[in-house]
There are 2 protein chains.
Amino acid sequence: MMMMVAANCSLQADLPTTTELTDDQHCTSWRYNVDVNNLRSWWVVPNQCENIVENYMRGSSYRYDSAQAMQEAETYARTFMYSADYNSSTRYTWIFAIDDTCLSNLPYYSSHRFGAEPLNSTLYKTWIGQGKAPALQATLQLFNTLKEWDYTILLLSGRLESQREATIQNLIAVGYADWEALILRKNTEIHVDATSFKSKKRKYLEDNGYTIIGNVGDQWSDLTGQAVGDRVFKLPNPMYYVA
Amino acid sequence: MMMMVAANCSLQADLPTTTELTDDQHCTSWRYNVDVNNLRSWWVVPNQCENIVENYMRGSSYRYDSAQAMQEAETYARTFMYSADYNSSTRYTWIFAIDDTCLSNLPYYSSHRFGAEPLNSTLYKTWIGQGKAPALQATLQLFNTLKEWDYTILLLSGRLESQREATIQNLIAVGYADWEALILRKNTEIHVDATSFKSKKRKYLEDNGYTIIGNVGDQWSDLTGQAVGDRVFKLPNPMYYVA
């Protein structure tokens with residue numbers, strides 16, 4: 001058993017040290033680790049990564065990645081409808097987050113270094129209150145398709161109850177309509193982390209007759225915890241992290 | 001409430017259709033969706049993406065991404081040791097997958113179109129049996145650091161019991177040593193999917209005094225299901241998918 005085997009190690013030789021990396025290499029790896037949730041609880045985009053985040057968000061890749069993610073969700077929704085598990089009397093439900101899922105805060109972050117400066121909560125609240133966020137077109141398209149297919153759609157967001165009117169106006173202005181409910185954070189829930197808040201709401205929904213088939217969000221805190229649904233679909237968002 | 005708000009939609013205009021994408025754009029988005037587990041149960045790398053996968057795996061990005069992932073894991077392990085939760089009498093455990101986590105199958109896949117051809121299970125078994133896989137250096141470095149810090153290390157793999165000897169020889173030859181146990185698949189477990197198999201083993205471990213702090217793998221089936229541990233760390237692997 002202890003016979004040694006000559007192993008070819010050349011393909012994995014010489015780990016780079018951080019100082020040897022160019023900003024581009026460092027930030028590409030930063031993005032990979034953010035995307036897959038290896039890197040958590042980061043507060044700002046690293047200074048040297050502002051350009052890579054800006055280029056990604058302004059360029060075509062962000063839209064392509066999102067479009068393909070939502071196409072996967074649509075494929076899953078269609079497949080499920082034709083599966084043996086499908087029972088037309090069940091209230092099959094899809095859950096959507098709002099910020100950078102249904103609505104894009106890119107106009108705001110474009111003026112705030114794409115997340116490379118700490119969030120100014122006063123300015124951000126003003127932006128939300130204006131109700132001027134554009135739709136993410138890939139999400140809107142999925143949303144409309146799911147409605148046609150008679151899925152129940154629930155919006156679940158960490159936005160505050162005080163932002164309800166502005167949120168509804170914004171959603172309607174950019175084309176969203178006919179969701180079943182919009183669940184927001186009450187004043188008593190302000191200090192609950194997003195994963196716990198959203199888990200609790202989803203659990204309540206499941207206990208009350210909603211069967212969650214799909215769950216769409218830009219943060220892992222939308223998609224982890226309890227009652228996440230049969231499948232989760234992660235949109236890219238390298239601009240900020242919500243715990 | 002029904003006052004309409006003029007929304008600026010220009011940033012999200014005109015979704016691309018698949019046919020408009022270059023291979024590079026399509027495959028970059030394919031990789032994003034594979035990485036975050038939006039795209040599941042794929043059997044081969046799409047033909048047009050073979051080059052992008054080859055370039056990624058042969059180039060520096062694969063090693064940088066892996067190194068940063070394992071650095072995050074090390075940071076978490078260190079932080080935990082100094083946290084108020086730490087209790088020196090507890091058997092704190094890290095779990096590692098083997099294929100493309102501890103050991104690299106890149107030499108095999110280099111001869112098999114980087115996953116763009118269906119797996120030839122006979123040839124693949126021969127490769128495993130030869131015990132010639134190199135170490136992923138970033139993983140080996142984390143493994144050794146965790147041992148120094150007195151974490152218990154368990155190897156949990158979908159490899160078969162019949163591959164135990166070759167696996168142990170290979171691990172030792174490339175520098176792995178002193179793991180607590182190597183858990184492999186029995187003949188009776190061959191048809192269990194990886195998520196269920198690994199969940200069951202982790203649950204058993206937790207029920208028997210092992211507290212899983214970290215869990216390292218290249219497949220989401222290593223890192224989802226039951227008893228996944230406090231934190232999971234996902235290494236990149238765009239070459240194949242294990243359900």
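**Helix packing and aromatic pairs**

Author: In helix H2 of chain B, Tyr56(B), Met57(B) and Arg58(B) meet Ser60(B), Ser61(B), Tyr62(B) and Asp65(B) of H3(B); contact means heavy atoms within 4.5 Å. Helices (H or I, at least four residues) and strands (E, at least two) are DSSP runs, numbered from the N terminus. This is a predicted model, in which local features need pLDDT of at least 70 and side-chain atom pairs pLDDT 80 or more, while totals for chains, interfaces and linings use all residues. Residues are numbered from 1 along each chain as its sequence is written, chains are lettered from A and ligands numbered from 1 in the order in which they are written, and side-chain values use heavy atoms, without hydrogens and water.

Reader: At what angle do H2 and H3 of chain B pack?

Author: Axes are lines fitted to C-alpha atoms, for helices over the stretch in contact, and angles run from 0 to 180 degrees between N-to-C directions. Angles under 35 degrees count as roughly parallel, over 145 as roughly antiparallel, 65 to 115 as roughly perpendicular and the rest as oblique. H2(B) (residues 50-58) and H3(B) (residues 60-81) pack at about 60°, with axes 4 Å apart, and are therefore oblique to each other.

Reader: How far apart are the axes of H3 and H6 in chain A?

Author: The axes of H3(A) (residues 60-81) and H6(A) (residues 137-148) are 9 Å apart, at an angle of about 15°, which makes H3(A) roughly parallel to H6(A). Residues in this contact include Met70(A) and Ala73(A) of H3(A) and Leu142(A) of H6(A).

Reader: How is a pair of aromatic rings described?

Author: It is described by the distance of the centres and the angle of the planes. Rings of Phe, Tyr and Trp (its six-membered ring) pair if their centres lie within 6.5 Å; planes under 30 degrees apart count as stacked, over 60 as edge-to-face and the rest as tilted. Over all chains, the structure holds 33 aromatic pairs. One of them, Phe80(B) with Tyr92(B), is edge-to-face, at 4.8 Å centre to centre and 80° between the planes. Phe80(B) lies in helix H3 and Tyr92(B) in strand E1 (residues 91-96) of chain B, 12 residues apart.

Reader: Which kind of pair do Tyr109(B) and Tyr240(B) form?

Author: Their centres are 5.2 Å apart and their planes at 20°, so the pair is stacked. Tyr109(B) is buried, with a relative accessible area of 6%; buried means under 20%, exposed over 50%, and partly exposed in between (1.4 Å probe, protein chains only). Tyr240(B), at 13%, also counts as buried.
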